[in-house]
Amino acid sequence: MRENVVALQRDDGAKVCAVVKADGYGHGAVPCAKAALSAGATWLAVALVEEAQVLRDAGITAPILLLSEPPSGAAEAILDLRITPFVYTSAFVQALQKAALARDVTVDVHVKIDTGMGRVGVTPDVLGAFVHTLEGLDRVHVDGVGTHLARADEDVPDAVAETHRQIDMFGSCMEMLAQAGIRPSFVHAANTAGALRYAAARNLNFPGVDTTTLLRCGIGMYGLSPSGDVAAAKQGLKPALTVTSSVSFVKPITTGTPVSYGHRWRAPHDGYVATVPIGYADGVPRALTNVGAVFVGGRKAPIVGTVTMDQLLVFLADTPVEVGEPVTLIGHTAGEEVLQVEDWADAAGTITYEITSRLTARLPRQYLSD
Ligand SMILES: *Cc1c(COP(=O)(O)O)cnc(C)c1O
């Protein structure tokens, strides 16, 4: 992860804002936040106030960007935890003003502009009105401005054109904010795909102010591909995570013998079936039924039969393995081919993000260093 942060940050002055929402995309928010900060990331980002609380409880003092507005009732918690929220509704900034005034403090916010993602944010047509609201709130200080790219991970001409259009639109919005006297310290548009593929999103200039461009990177920091069009490996990023287990049971199997729910697989010839005590309740997609593969005893062995809640089965054509033999599901055993989160995602018809963020709490995490 540290190497990935360095690779994403390059040497152009843009700084990584390490996105550790959803428990660090399943990798563990606190160790990932610490690793990212130690490698040069200057900010962290989360989706929920509760996620920021976990980081603060762990003693992390770095600035934290809250990627969406929480309910207005969370204004107090924002102050308590010293979180910087993205803001885009007058109701929420007014709640912040009220809470800050009561404590006689000022609260930093980043204005979220919706230049085309269409999810949350102030659309350019109502930006003037929102700025007008902010002008009346002396305890709310705009220290950053951001937008989010909808199609930076796609390698097709209209996605490229749309991404440039979003970045240009963001530029126009920054000009408008500059004219209204707003002087932020931070500007940001890029997610991982934006940071890797759009130089313009790494070097945003707010008129008349010396700002730092932040790169809100999640998936790339974990070394995983944002999409099939943006392969992490080609970008010099390396997966941080491995998923391992060990064999819990082994038996010989004869030609035609079915295994697991629905008898969706039958042995094509005599061999051995090994049971691995990991299943969909740990985050192995059930869609890997009869599709995925693992490494066990130095061999690649196909996942056979239905993946169950707690266990899955693999076929060993020639020789058995011992109970207790290590099994690699993601990552690699020395000298072996690397099993990729990307392959699970393809097999399950989803994206890397969904695979790792669904690794459940039941799966123990171990960190090689911290
Ligand atoms: C999750 C998220 C990111 C991180 O995106 P990656 O593709 O994982 O780099 C950045 N910005 C916002 C607003 C997000 O919600």
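**Chat on a predicted model and its ligand**

Biologist: Does threonine 211 count as buried or exposed?

Modeller: Threonine 211 counts as buried, because its relative accessibility is 15%, and the cut-off for buried is under 20%. Please bear in mind that this is a predicted model.

Biologist: Where does threonine 211 lie?

Modeller: Threonine 211 belongs to the loop that connects α10 (199-202) with β8.

Biologist: And with which residues is threonine 211 in contact, leaving aside neighbours within four places in sequence?

Modeller: Its contacts are Pro184, Ser185, Phe186, Val187, Leu204 and Phe206.

Biologist: Moving on to β8 itself, how many of its residues are buried?

Modeller: Strand β8 covers residues 212-217, and five of its six residues are buried.

Biologist: What does β8 pair with? Take β1 to begin with: in which sense do β1 and β8 pair?

Modeller: The pairing of β1 (residues 15-19) with β8 is parallel, with four bridges. Within that pairing, cysteine 17 has arginine 216 of β8 as its bridge partner. Strand β7 (residues 186-188) is also parallel to β8, through three bridges, and histidine 188 is opposite leucine 214 in β8.

Biologist: Arginine 216 interests me. How far is one of its polar side-chain atoms from a nitrogen atom of the ligand?

Modeller: The distance is 2.9 Å for arginine 216. For histidine 148, a polar side-chain atom is 3.5 Å from a nitrogen atom of the ligand. In the case of lysine 21, an N or O atom of the side chain is 2.7 Å from an oxygen atom of the ligand.

Biologist: What share of the ligand does the protein bury?

Modeller: The ligand taken alone exposes 390 Å², and the protein buries 94% of that area.

Biologist: How many residues surround the ligand, and which are the closest?

Modeller: There are 13 residues around the ligand, and the closest are Lys21, Tyr25, Thr192, Ile219 and Tyr353.

Biologist: What about the backbone at alanine 22: what is its phi?

Modeller: Alanine 22 has a phi of about 50°, a positive value although the residue is not a glycine. Most residues other than glycine have a negative phi. Alanine 22 is part of helix α2 (residues 21-25) and counts as partly exposed, because its relative accessibility is 33%.

Biologist: And aspartate 104: what is its phi, and where is its place?

Modeller: Aspartate 104 is not a glycine either, and its phi is positive at about 55°. The residue is in the loop between α6 (90-103) and β5 (107-113). Aspartate 104 counts as exposed, because its relative accessibility is 57%.

Biologist: Let us change topic. Which residues of the largest nonpolar core touch the most other members?

Modeller: That core has 114 residues, and those touching the most other members are Val20, Leu55, Leu96, Val111, Met221, Leu312 and Leu329. Apart from that core lies another, of eight residues, which include Ile253, Ala267, Leu313 and Phe315. In soluble globular proteins, nonpolar side chains tend to be buried together.

Biologist: Which residues does leucine 312 touch, not counting those up to four places away in sequence?

Modeller: Leucine 312 touches Ala274, Thr275, Val276, Ile278, Val284, Ile303, Val307 and Leu329.

Biologist: Finally, how many helices and strands does the protein chain have?

Modeller: The protein chain has 12 helices and 17 strands. Of its 370 residues, 50% are buried.

Definitions and conventions
Residues numbered from 1 in each chain as written. Predicted model: local features only at pLDDT ≥ 70, side-chain atom pairs only at ≥ 80, totals over all residues. Heavy atoms only, no water. Buried < 20%, exposed > 50% of the residue type's maximum accessible area, 1.4 Å probe, protein only. Helix = DSSP H or I, 4+ residues; strand = E, 2+ residues; numbered from the N terminus. Pairing = 2+ DSSP bridges. Core = buried A, V, L, I, M, F, W, Y, C linked by side-chain atoms within 4.5 Å. Contact = heavy atoms within 4.5 Å. Near = heavy atom within 4 Å. Polar contact = N/O pair within 3.5 Å; in protein donor to acceptor, adjacent residues only side chain to side chain. Areas by Shrake-Rupley, 256 points an atom, 1.4 Å probe, with all protein chains shown as cover.
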